Amino acid sequence: MVDSGDVDGLDELLLRALQLDGRAHFSGIARDLGVSERTLGRRYRRLCALGLRVVGRPVASRLGLTRWLLRLHCATDAAGTVAEALARRPETSWVTLAAGGSELYCAVDVRAADGSDAPLLRKLSRTPQVLSMSAHCMLHVFAGATSTWHATRFRPEHTPPAADSGAPLPLDAADRTLFTELSRDGRASVPELAAAAGLSPSSVRRRLDRLRDGGALSFAVDFDPRLAGYHLITRLWLDVSPARLHSVGRALAADPRIAFAAAVTGDANLVASGVFRDPAELYTYIDRDVGPLPGVHTLRTAPTLREVKRLALGVR
């Protein structure tokens, strides 16, 4: 068990600043926080030693991909094996085992034209160890990076609007190299990126601006929330009246305990990921915050047992 005292107020402010802009210069962050750049750099290195990662992530919808959220019920003795097999596939970006060990969740990015006929979905439906499966197409993101399932407690208070749903942004080999390098280190320097891609620094800057301005590249902060005392990560699946779906989604997104919320297809039309200190805080959230919301018919929670894969690398 990690020590919640490892993260203090300045650490939280640094994490929040990186959530707002993963490539922000330390000089600007230090000035905003009223500390020296040296102090901030030392804090950043210490957080990295504790597991902090800032990674560049492709935004699926801007690259001609559709994100599907899968819920699988497996034979108890096979769930871990299925999860590990899914984690090795390039089209999955996160894989999670729920408490109890037989329920598994994962996100799959497929070409928009493939839809629910994607090869992986067909294969899973024929896998004997998978007792049942439901696939939910992501329709609208209320909170959280559009290409990332896992997020920390320290997401920005105001999530940027979703990227324009126009034609997919075309990528060439150099763009893909930049995505690969940024998936390893979202704060890699421009000279480092230029060397990896075989480009000039000025060309790399232009490409980064194009990818970010075009909504194809986002940055995510990956940090274990237990280090700040939040020991319960849980998925929430809600059945909400269609007329209330947007208002409920926005209400969930406004709560800092909710790191991700999205409207999806299927029997549960709203899914969220919450980070709580303990079961008592989750109960209070359900009782006082979710329960009174008009239009919520049912709510199902699934605490996380183990995260097998998250923040997958690269772009296909």
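Predicted model: local features only at pLDDT ≥ 70, side-chain atom pairs only at ≥ 80, totals over all residues.
Q: What makes helix 1 roughly perpendicular to helix 3?
A: Helix 1 (residues 9-20) and helix 3 (residues 37-49) pack at about 85°, and their axes are 10 Å apart. Axes are lines fitted to C-alpha atoms, for helices over the stretch in contact, and angles run from 0 to 180 degrees between N-to-C directions. Angles under 35 degrees count as roughly parallel, over 145 as roughly antiparallel, 65 to 115 as roughly perpendicular and the rest as oblique. Helix 1 is therefore roughly perpendicular to helix 3.

Q: Which residues make the contact between helix 1 and helix 3?
A: Contact means heavy atoms within 4.5 Å. From helix 1 come Leu10, Asp11, Leu14, Leu15 and Leu18, which meet Thr39, Leu40, Arg43, Tyr44, Arg46 and Leu47 of helix 3. By class these are seven nonpolar, one polar and three charged residues. Nonpolar covers Ala, Val, Leu, Ile, Met, Phe, Trp, Tyr, Cys and Pro; charged covers Asp, Glu, Lys and Arg; the others, Gly among them, are polar.

Q: How do you know that the reach of helix 3 is close to the expected one?
A: The expected span is 1.5 Å times one less than the number of residues. Helix 3 has 13 residues, for which 18 Å is expected, and its first and last C-alpha atoms are 18 Å apart. Just after helix 3, Gly51 takes a positive phi of about 115°.

Q: Which residues of helix 3 are buried, and what covers them?
A: Thr39, Leu40, Gly41, Tyr44 and Leu47 are buried. Their cover includes helix 1, helix 2 (26-33) and strand 1 (53-58).

Q: Why is Glu91 called buried, and Arg89 partly exposed?
A: Buried means under 20% relative accessible area, exposed over 50%, and partly exposed in between (1.4 Å probe, protein chains only). Glu91 has 12%, so it is buried. Arg89 has 24%, so it counts as partly exposed.

Q: What makes the pairing of Glu91 and Arg89 a salt bridge?
A: A salt bridge is a side-chain nitrogen of Lys or Arg within 4 Å of a carboxyl oxygen of Asp or Glu. For Glu91 and Arg89 the N to O distance is 2.9 Å, and the side chains meet in a salt bridge. The structure holds 16 salt bridges. Side chains of opposite charge can pair when their charged atoms come close.

Q: How do you know that Arg207 and Asp172 form a salt bridge?
A: Their closest N and O atoms are 2.9 Å apart. The pair links distant parts of the chain, 35 residues apart: Arg207 is in helix 8 (residues 201-213), and Asp172 is in the loop between strand 5 (130-143) and helix 6 (173-184). At a relative accessible area of 33%, Asp172 is partly exposed.

Q: Why is Arg184 called exposed, and Glu181 partly exposed?
A: Arg184 has a relative accessible area of 54%, so it is exposed. Glu181 has 24%, so it is partly exposed. The two form a salt bridge, with the closest N and O atoms 3.0 Å apart. Both lie in helix 6, three residues apart, about one turn of the helix.

Q: What makes helix 6 roughly perpendicular to helix 8?
A: Their axes cross at roughly 80° and come within 11 Å. Helix 6 is therefore roughly perpendicular to helix 8. In the contact, Ala174, Asp175, Leu178, Phe179 and Leu182 of helix 6 meet Val204, Arg207, Leu208, Arg210 and Leu211 of helix 8. The classes are seven nonpolar, no polar and three charged residues.

Terms used
Residues numbered from 1 in each chain as written. Heavy atoms only, no water. Helix = DSSP H or I, 4+ residues; strand = E, 2+ residues; numbered from the N terminus.
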